Amino acid sequence: MGKLRKHNEEIISWEELRRHLNKVTKPARYTGGELNSVRKDPSSVSVRFALVFPDVYEVGMSHLGSQIIYHVLNSRDDTACERAYSPWPDMEELSRRRGWPLFTLESRSPLNSFDIVGFSLAYELTYANVLAALDLGGVPLFSAERGREDPLVIAGGPVSMAAEPLAEFIDAFALGDGEDLAGEIVDCYKKWRASGKPRSELLESLADVQGVYVPSLYDVQYSNEGFLVEVRPKAGAPKRVRRRIFSDLEKAPYPERPVVPFIEPVHDRAMVEIFRGCTRGCRFCQAGTLYRPVREREPETVSRIAREILAASGYDEVSLVSLSSADYLPIRQVIEDILTHSPCPARVSLPSLRVDSFSVELSKLLGEAGYGGLTLAPEAGSQRMRDVINKNVTEEDVMDAAKAAFSSGFTRIKLYFMIGLPGETDEDVLAIAELAYRIRQLGRDMGTKPTVAVSVSGFVPKPHTAFQWEPFIGRDEIERRQSLLCKRLRGPGLEFRYHDSRQTYLEAILSRGDRRLGRVVLEAYRRGARFDSWPDMLDLDLWLSCMKEASLEPGFFTRERGQDEILPWDHLDPGVTKEFLLVERAKARREEKTPDCREAPCPGCGVCPRFGVAPVLTRRDGTSKGARDRAR
Amino acid sequence: MRVRIRYEKGDEQRFLGHLEVMRALVMALARAGWPVAMTKGYTPRPKVEMAAPLPVGTAGLNEVADVYLSEDRSIEDLGRSLAEAMPPGFKLKEVWRISPDETALERRITASTYSVLVYGAEHASLKRAVECFLDKTEARYAREVRGRTLETHKWPDGPEKSREIDLRPFVSRIEVVPRNEPALSAGNRTQPLATFREISPPVLKMVLRHFQGRTVRPAWILDFLVKYCGLEGVDPRESVVDREWLDWGDGGSHDSRDPRK
């Protein structure tokens, strides 16, 4: 059977576009043509895939996951993957006025001309942008309204593990690592199209692919009070959908020729993922659950990829990314190797420093001392709170790191903290200020003129973490704790910054929400909610009034959950067991730590035995494959 | 070693701003492996000097930039490696060595030649507006951005500072010519919307002077024609501007490269 006829094969002419684009800010966001972007002849492929990042171009282009999927799909001869990003409101307005649909950068085709539209979900506050993209792209918003001619709409990325508010709009979620999964979805689509069967068959066959969650195959029932009573799979869909894990990163495809944006992206550097997953087990951290187990790349592979990317892009900086890059034992060796063997003069940077003197040494090695700034994330001010969240950092570690920083020539130390953590008291909050004072004093004693910049964000208890049952403490309470600190953190050598509590609040509602919030997202989109992740753009009152009209109480979603309650994301299996999370929650209440599974015996989170995987670790000197420590 | 390059910022990448073009060039030089010298100071940057920045939306057929190298290389090797490394939408046209103590490019440029597609205008009315402009001895213009006058310009023979600028002395030549599509070699990359019909708009050619690095934009001239010379039906933002050539004075080595000659 041949290709399906699409509604709209027309593309926007360049003449039309270039005549009008001068009316919008940063028009180059919409013109593409970047180095290493892939433009295939649509007639030469059988599946056209539009990869949509629901935020502005500069943010989307900094997203490594999207670059990986773009590379994976375009490596297939039968598939063309093109990109689209959310248009800024001025562009959306111009598009509507000119009758332009949301189009991809590569061929300027509207979204609804594609076979598959895939969203990359990195943040809950992009939900309204997802609906805007579908609507502007001419794709029916509701999964149930889509017919045989419409694209298959899928979504991946970490948020997919608990994106129930989008359940009615997304045909299928791809859970976990996309390296294999993306291609399997394309294969499944091709097979269905050749069969000529109805769309429902496509969704059912997708549900057979491990890692694909088809929300429409689950009937959800609520009690009168709004509690989830049952999530029942139908048509043979699995009771729980397991996240996919790509077990050996050494074999993973990697975008060694990444698309290089002309416009400066948010993170303007080459990225090499040195490992996936994290062993530290911080109890607040969702990524800590969703990317288990740790899988490291060999140091030679990291260096080789770094060299190739630098040569193919012309970047002058390569970032060795992971959830905790200083944990990578051969890190020093890799940095030195890249610095000495890179094809052009390049710097190396680490996105996430550990709070210890070793990390400070590393950043000195990276030549960052000259710039004056060092960022550390103790996450909590008091030792008690750090034990509660299992951030295995002692006061001594913090002071050692600060000492090492000042003696290496850093004068500015930026500290990241959270407030609103479970069991937090005012003393714990004020301990943040105390710590800042001590560091400032240390800097002064060491003869520098230090600046301690404290940055505080409100804690949202996230799904799939040990704190998923905990309540969000509320917007007013976040603000009260902010003001406690605000009063203390004034004076010379101190800076205080905090996140917008409105965003934290909306994030708490959306990330912990169930399917009933879909109507709220839809209504908020219709009334103009866009780019809610941008503080200036968020209209919280609009969201709250949409909730009111849908007779939904925000407090229902931010409240503490009962341990025997069915949670909206319980049917999505991250590998880590609920029993383990409950044990961790109990330990948090006892202020008891759980050691890093790199060094200590297995704490039994469940991922490895249940999914048949194992941590892949490299030794400090680790050079040969034989040195890899696979069997734990 | 100081090297001058002539390149094209093509049709497809016309919406890049000056800094983005600079970034694209610097990254291309890195890919090409040119030993670019670094500036001194706290944050060393590759020593690349660009002349007469192009605004967002304007393509440039023959832009020039100077690159300083920390070691000598053969011009042939430099040209070959950079031509391969240029990003899509850009084209390297020429590379030649110049004396290290030659005057900065910016200071030497005397004029820019532009070709402007004027959408919404009829040939005759555009011609009348141009004649009206040429009859003026003074063309005072305040540039407006989103309804606000921002610019404080200095201009030759005028008061030191003003919100306004006299466009007239900058205009060395201005005329309406028949449309010569495709204006740029990059061309259209896709066929137009089936329903989309475009009546070929008239083309305005202009040569605008530079005084010590200062010049005016074609869009300002067009805006002036709309506001003060009776040009109707034209939204200056919709004009498509290409800079075809830069002149750098003294009848220097550039003359032989001017395609108009």
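Colleague: In what order do the strands of the open sheet of four strands in chain A run, and is their pairing parallel or antiparallel?

Modeller: Please bear in mind that this is a predicted model. The order is S15-S16-S17-S18 of chain A, and the pairing is parallel. At the edges stand strand S15 (373-379) and strand S18 (494-498) of chain A, each of which pairs on one side only. On average, and with direction ignored, neighbouring strands of this sheet are turned by 20° against each other.

Colleague: How many bridges join S15(A) to strand S16 of chain A?

Modeller: Five bridges link S15(A) with strand S16 (residues 412-419) of chain A, in the parallel sense. Within this pair, Glu379(A) has Phe417(A) of S16(A) as its bridge partner. When reading along a strand, recall that in a regular strand the side chains alternate between the two faces of the sheet.

Colleague: Which strands make up the open sheet of six in chain A, and in what order?

Modeller: The order is S2-S1-S3-S4-S5-S6 in chain A, and here the pairing is mixed. Strand S2 (79-85) and strand S6 (212-213) of chain A are the edge strands; each has a single partner strand, so one side of each lacks a neighbour in the sheet. Further in, strand S1 (residues 47-53) and strand S3 (residues 116-120) of chain A run parallel and are joined by four bridges. Ala50(A) lies opposite Val117(A) of S3(A) in this pair.

Colleague: In chain B, which sense of pairing joins strand S5 to strand S11?

Modeller: Strand S5 (residues 109-117) and strand S11 (residues 203-209) of chain B pair in the antiparallel sense, over seven bridges. Ser112(B) faces Leu208(B) of S11(B) there. S11(B) also pairs with strand S10 (residues 171-177) of chain B, again antiparallel, over six bridges. In that pairing Val177(B) stands opposite Val203(B) of S11(B).

Colleague: What describes two packed helices?

Modeller: The description rests on the angle between their axes and the distance between the axes. Helix H9 (residues 299-313) and helix H10 (residues 331-341) of chain A cross at roughly 30°, and their axes come within 9 Å. H9(A) and H10(A) therefore count as roughly parallel to each other, since angles under 35 degrees are placed in that class. Their crossing is right-handed. H9(A) contributes Pro299(A), Val302(A), Ser303(A), Ala306(A) and Arg307(A) to the contact, while H10(A) contributes Gln333(A), Val334(A), Asp337(A), Ile338(A) and His341(A). By class, this contact of H9(A) with H10(A) comprises five nonpolar, three polar and two charged residues.

Colleague: At what angle do helices H13 and H14 of chain A pack, and how far apart are their axes?

Modeller: Helix H13 (residues 395-407) and helix H14 (residues 426-445) of chain A pack at about 35°, with the axes 10 Å apart. The crossing of H13(A) with H14(A) is right-handed. From H13(A), Val398(A), Met399(A), Ala402(A), Lys403(A) and Phe406(A) meet Leu435(A), Arg438(A), Ile439(A), Leu442(A) and Gly443(A) of H14(A). Seven nonpolar, one polar and two charged residues make up the contact of H13(A) with H14(A).

Colleague: How many residues of chain A are in contact with chain B?

Modeller: The contact involves 30 residues of chain A and 30 residues of chain B. On the side of chain A that touches chain B, helix H1 (14-20) and H9 of chain A are the elements that give two or more residues. H1(A) gives the most, with six residues. By class, this side of chain A has 13 nonpolar, eight polar and nine charged residues.

Terms used: Residues are numbered from 1 along each chain as its sequence is written. Chains are lettered from A and ligands numbered from 1 in the order in which they are written. This is a predicted model: local features need pLDDT of at least 70, side-chain atom pairs count only at pLDDT 80 or more; totals for chains, interfaces and linings use all residues. Two strands pair if DSSP finds at least two bridges between them. Axes are lines fitted to C-alpha atoms, for helices over the stretch in contact, and angles run from 0 to 180 degrees between N-to-C directions. A crossing is left-handed if the near helix is turned anticlockwise from the far one by less than a right angle, and right-handed if clockwise. Two residues are in contact if their C-beta atoms, placed from the backbone, lie within 7 Å. Ala, Val, Leu, Ile, Met, Phe, Trp, Tyr, Cys and Pro count as nonpolar, Asp, Glu, Lys and Arg as charged, and the others, Gly among them, as polar. Angles under 35 degrees count as roughly parallel, over 145 as roughly antiparallel, 65 to 115 as roughly perpendicular and the rest as oblique.
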